[in-house]
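I opened this notebook to record strand pairing and salt bridges. The entries are kept in the order in which I looked things up.

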Amino acid sequence: MSDRGWAVRIGDVLLPPVLLLAMLFLSVSLPARAQLSVDVTRGTVDPVPLALPDFAAVNEQETSSGPLSDIGVQIAQVISSNLQSTGLFRALDPAAFIEPITAETRRPRFASSWRPLGAQGLVTGRVQILADGNLRVEFRLWDVISEAQLEGMGYTTPVTNWRRIAHVISDRIYTRLTGEEGYFDTRIVYIAESGDPLNRVKRLAVMDQDGANQQFLTDGSYLVLTPRFSPNRQEITYLSYFNDKPRVYLFNILSNRFEVLGDFPNMTFAPRFSPDGNKVIMSLAEDGNSDIYEMDLRTRRVSRLTDHPGIDTSPSYSPDGRSIVFNSDRGGSQQLYVMDAGGGNVRRISFGKGRYATPVWSPRGDLVAFTKIGGGQRKFRIGVMRPDGEGERLLTDAWQDEGPTWSPNGRVLMFFRTERYDSQGRGGQTSLWSVDLTGYNERRVPTPLDASDPAWSPPLPIATRRR
């Protein structure tokens with residue numbers, strides 16, 4: 001197929017604001033026999049074995065990001081790490097590979113080279129520096145058993161953007177094999193913590209979902225809390241104490257500019273965006289009582305949604321914007337409630353033993369994640385339930401896990417874990433972890449400092465246009 005067709009523009013959040021990529025759909029063979037696929041709904045599965053050779057260099061040369069062959073190696077490594085992190089896939093040892101993958105576009109020898117290794121899937125790729133200095137990355141996904149090409153694409157991008165392309169390719173492979181949207185081309189905003197336990201320095205930080213490309217957005221000179229991504233993918237809202245006064249800020253990642261939404265005395269929790277990004281919902285304290293309010297970002301008009309003697313906090317919109325989940329002690333203990341977006345029709349949904357906090361509605365709308373507090377050791381655990389309160393399940397069982405945030409596809413939760421102090425006063429470190437909905441794939445997410453209160457971004461923006 002000719003490479004004339006679609007041109008793709010991908011906006012990168014922290015690197016250049018707009019990056020141009022040329023996309024090429026490579027030929028895809030679709031035989032009638034059953035093809036490789038993965039069931040993501042099962043709790044324990046044997047990971048699907050995949051062969052992920054290094055991407056071959058077409059024209060070896062030095063680039064601003066190192067030798068081209070090294071970029072090919074690193075792209076394959078990022079894809080391998082992404083897919084293995086799901087617990088659904090297992091990368092085969094490259095030392096066992098029989099057939100060398102070259103830059104030539106030829107069909108792999110499945111029967112003699114890949115099937116004997118036990119591979120069910122094979123990813124081949126190549127990298128090339130074009131005349132204009134841009135990087136060309138092409139990949140193909142093969143079903144080793146049926147010998148069918150399942151996916152194939154090519155991208156043209158600045159060399160420094162190679163890691164972003166590896167995430168995009170990972171998403172396409174994941175989607176093709178599972179039938180669900182990928183979540184690798186996303187970012188995490190969180191609170192980076194350092195210093196004395198009694199006087200912690202807290203900075204706003206952002207990174208790729210796998211812990212790469214760490215960047216601090218604030219310098220730690222003032223306290224920042226509970227950051228949340230906007231659905232428009234370019235803004236973060238968070239609470240900050242400036243001169244000991246709480247303020248709600250908007251931070252635009254692309255322009256690196258801050259904007260004050262307003263001064264809200266005694267606010268207890270940071271705001272969250274509505275699904276359309278036009279409103280922010282928050283909890284405000286007045287005369288010792290906390291209720292839920294909504295701000296229209298276009299007019300800055302604030303509306304009160306609850307008016308109850310109990311403490312109403314931690315509101316989160318449903319993905320369709322029609323309902324809000326929050327926690328309240330209006331019934332005598334801290335429990336979860338759901339109400340209409342306008343504030344009426346309040347009904348309790350949690351009835352288990354213990355207390356419930358930090359509810360977050362799944363992007364799919366089918367579940368609400370929460371922190372459950374209780375048990376003999378007063379554990380903090382991450383759980384999920386349906387919006388009507390049925391089907392409660394706890395996914396973690398450490399000493400103190402809290403603050404869940406959903407991946408964009410609603411399949412994985414990230415949260416932060418605090419270690420218990422020992423008898424010598426050592427411990428108390430906080431770190432980010434992820435777990436999938438089965439509860440069987442718990443992983444630590446690397447950060448350079450202690451980390452808390454993560455928030456997952458939507459997929460990074462991709463726009464297409466006809467050339």
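Predicted model: local features only at pLDDT ≥ 70, side-chain atom pairs only at ≥ 80, totals over all residues.

Entry 1: I looked up the pairing of strand 11 (residues 187-194) with strand 12 (residues 201-208) and found it antiparallel, over eight bridges. Within this pair, Ile188 stands opposite Met207. Six residues lie between the two strands of this hairpin, and Gly195 takes a positive phi near 95°. I then followed strand 12 to strand 13 (residues 215-216), where the pairing is antiparallel over two bridges. Here Ala205 faces Phe216 as its opposite residue in strand 13. Strand 12 and strand 13 also form a hairpin with six residues between them, and Gly211 in its turn has a positive phi of about 95°.

Entry 2: I traced four strands in the order 30-31-32-33, paired antiparallel in an open sheet. Strand 30 (401-406) and strand 33 (443-445) each have a single partner strand, so one side of each is left without a neighbour in the sheet. On average, neighbouring strands of this sheet are turned by 35° against each other, direction ignored.

**Entry 3: salt bridges.** I recorded 28 salt bridges in the structure and examined several of them individually.

Arg126 forms a salt bridge with Glu138, with the closest N and O atoms 3.2 Å apart. Arg126 lies in strand 8 (residues 121-129) and Glu138 in strand 9 (residues 135-143), so the pair ties together parts twelve residues apart in sequence. Arg126 counts as partly exposed at 23% relative accessibility, whereas Glu138 is buried at 13%.

Glu294 and Lys279 meet through their side chains in a salt bridge of 3.6 Å, N to O. Because Glu294 lies in strand 20 (residues 289-296) and Lys279 in strand 19 (residues 279-286), this pair ties together parts 15 residues apart in sequence. I noted Glu294 as buried, at 11% relative accessibility, and Lys279 as partly exposed, at 29%.

Glu442 forms a salt bridge with Arg417, the closest N and O atoms being 2.9 Å apart. The pair links distant parts of the chain, 25 residues apart: Glu442 is in the loop between strand 32 and strand 33, and Arg417 is in strand 31 (residues 412-418). Glu442 is partly exposed at 33% relative accessibility, while Arg417 is buried at 12%.

Methods. Residues numbered from 1 in each chain as written. Heavy atoms only, no water. Pairing = 2+ DSSP bridges. Axes fitted to C-alpha atoms, helices over the stretch in contact; angles between N-to-C directions. Salt bridge = Lys/Arg side-chain N within 4 Å of Asp/Glu carboxyl O. Buried < 20%, exposed > 50% of the residue type's maximum accessible area, 1.4 Å probe, protein only.
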